[in-house]
Structure formats: structure tokens, C-alpha cells
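Student: I have a fold open on my screen and I'd like to learn how to read it. Can you take me through a few features?

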Amino acid sequence: MKNDNVQNDNIVIGRNAVLELLKSGREIENVMIAKGEREGSVKSIIALCREKKIVIKDVDKRKLDSMSAGANHQGVIACVPAHSYSSVEEILAYAEEKGEAPFIIICDEIEDSHNLGAIIRTAEACGVHGIIIPKRRSVGLNFIVAKTSCGALEYMRVARVGNLAQTIEELKKKNIWIYAADMDGQRWDKTDFSGGAALVVGNEGSGVGRLIKEKCDVTVSLPMLGRVNSLNASVAAGIIMYEIARQRLS
């Protein structure tokens, strides 16, 4: 007989298991509900998600079938993070504790787990104090991210916020300059990154969103000498991160 309530590395499967998870207070990335499932205990799951401001995703049942590997998911799967989140305040406090100007990476809707994991790995090597990601339209700290980071996630503070634009405004009030890594900006190696700095890395396909880019103080770019017009998000972020680190070591 198939188990109706299964917990794997980063997913909790089945209505009862997800309900208990929601009541436990444990961190949850999101809850995926099969399209059309709105009866019975699913109503309670949706109500608790809304109360706790947990993202609900309507997905095709076939996606849940694939994720559950044969277990009876009952139309509901919850994703839990591979590592606990920090707060923006904790990131800033860590920089202050080290006696350093804040060095932060902001990921604007990075959707590929391997990219976020690679960014975390490079960020840790460059002395970044923390990474900020949005709650919606972004990959969270799943187990692929943890694996790709090659252990760096254990040492990196990652904050997840509801409003990225508002968070940027708060950082600016603390004398942190916001730099967007995007096309048509000034050269990355001719930019002064001294003082508090937050580098915004955009979505793999569309780059930094318009609203977020408008909030940034400076746009920095890497020259494209070949026939392609963009770099992988984690590669571009890594190059600029090391320039910021180099300037801090000078």
C-alpha cells in the first residue's frame, strides 16, 4: 500500500502531512496544489498558507506525480528549504560585527537552482556578507541549490523578502549603493565599488526587472566581444563580485 504522507529530502507529501507541517511553524518555501483541488482539507491548507503568507502554486497534477515518485500526494506537496533563512538585519549586523562595509548580492528572480547555488558559492569566496532573494518568482534554498553551492550555503546568510524594491530603498537609507549588473551600463572595471555595496543580479532570461533597475544607483556591464550578447547569470555575477572584492583588498 502506498504511503499517503511521505517526507523526502525537501518535500512533504500528502494533505495530513502538509497540514501538520503548516501548524509546526517550520519554514516552508511554497505549497503546490494540483489544479482543481479545492475540496476537503485542501481548503484548510490554503487558509493556513494565506494566514502565514506562504506562496501557493497551482500546478499540473503530472508535476506532483513526478515529484512524489509514486507516493499518493493527494494533490498537495510542500517544499521545505535545505537551510534556514536569515533576515536582512542579520546580514547587516554580520557586516558590522566584522567591521566591514556591507557587501550584499540581490538576486532578482533567479529561477535556476544551479545558478543560485553557484552564486552562493562565489559569494562566500568573495567575502559577501549575505544574499537577498524575493519570495515570489524565484528559486529558494532547495537541495539542488545546497549541493551546487558545495557547502558554501552553510556559511552564507540568505534573506528572503516579500518586496525587493522596498528592501532596496531601505538599504539605500543605510548608505549602501545599489549596482545593477545589466546591459548598457558603465564598465565593471571602471566602477568605484567602495563603501557599502549591493549587486543586483537579474533573471536568466530577462535580466534585472524594470522597477528594480530604476531603484539602482548605477548599472554596470561586462563587454561582450563575441557573437552572444549575454553571460550566464552566475558567471556575470562572479566576475563583478571579484572586482568588488579586489577593490576591497586594495
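Student: Which residue caps the N-terminal end of helix α3?

Tutor: Asp 60 does, in this predicted model: one of its side-chain oxygens lies 2.8 Å from the backbone nitrogen of Arg 62, and α3 covers residues 61-68. Helices (H or I, at least four residues) and strands (E, at least two) are DSSP runs, numbered from the N terminus. After α3 comes Ala 69, with a positive phi near 50 degrees.

Tutor: Some ground rules: residues are numbered from 1 along each chain as its sequence is written, and side-chain values use heavy atoms, leaving out hydrogens and water. Since the model is predicted, local features need pLDDT of at least 70 and side-chain atom pairs count only at pLDDT 80 or more, while totals for chains, interfaces and linings use all residues.

Student: How do I read two packed helices?

Tutor: Two packed helices are described by the angle between their axes and the distance between the axes. Here the axes of α1 (residues 15-24) and α2 (residues 41-52) come within 10 Å and cross at roughly 25 degrees. That makes α1 roughly parallel to α2 (angles under 35 degrees count as roughly parallel, over 145 as roughly antiparallel, 65 to 115 as roughly perpendicular and the rest as oblique). Axes are lines fitted to C-alpha atoms, for helices over the stretch in contact, and angles run from 0 to 180 degrees between N-to-C directions.

Student: Which residues of α1 meet α2?

Tutor: Arg 15, Val 18, Leu 19, Leu 22 and Lys 23 do; their partners in α2 include Ile 45 and Leu 48. Contact means heavy atoms within 4.5 Å.

Student: And how do I read a sheet?

Tutor: Strands of a sheet pair through backbone hydrogen bonds, either parallel or antiparallel. In this model six strands form an open sheet with parallel pairing, in the order β8-β7-β6-β10-β9-β11. Two strands pair if DSSP finds at least two bridges between them. The edge strands, β8 and β11 (218-221), each pair on one side only. Strand β6 (residues 103-107) is joined to β10 (residues 196-201) by five bridges, and Cys 107 has Val 201 as its bridge partner in β10. Helix α9 (residues 233-249) packs on the sheet, touching β6, β9, β10 and β11.

Student: What does the side chain of Arg 160 make a polar contact with?

Tutor: The side chain of Glu 29, at 2.9 Å. A polar contact is a pair of N or O atoms within 3.5 Å; within protein, one must be able to donate a hydrogen and the other to accept it, and residues adjacent in sequence count only if both atoms are side-chain atoms. Arg 160 is found in strand β8 (residues 158-161).
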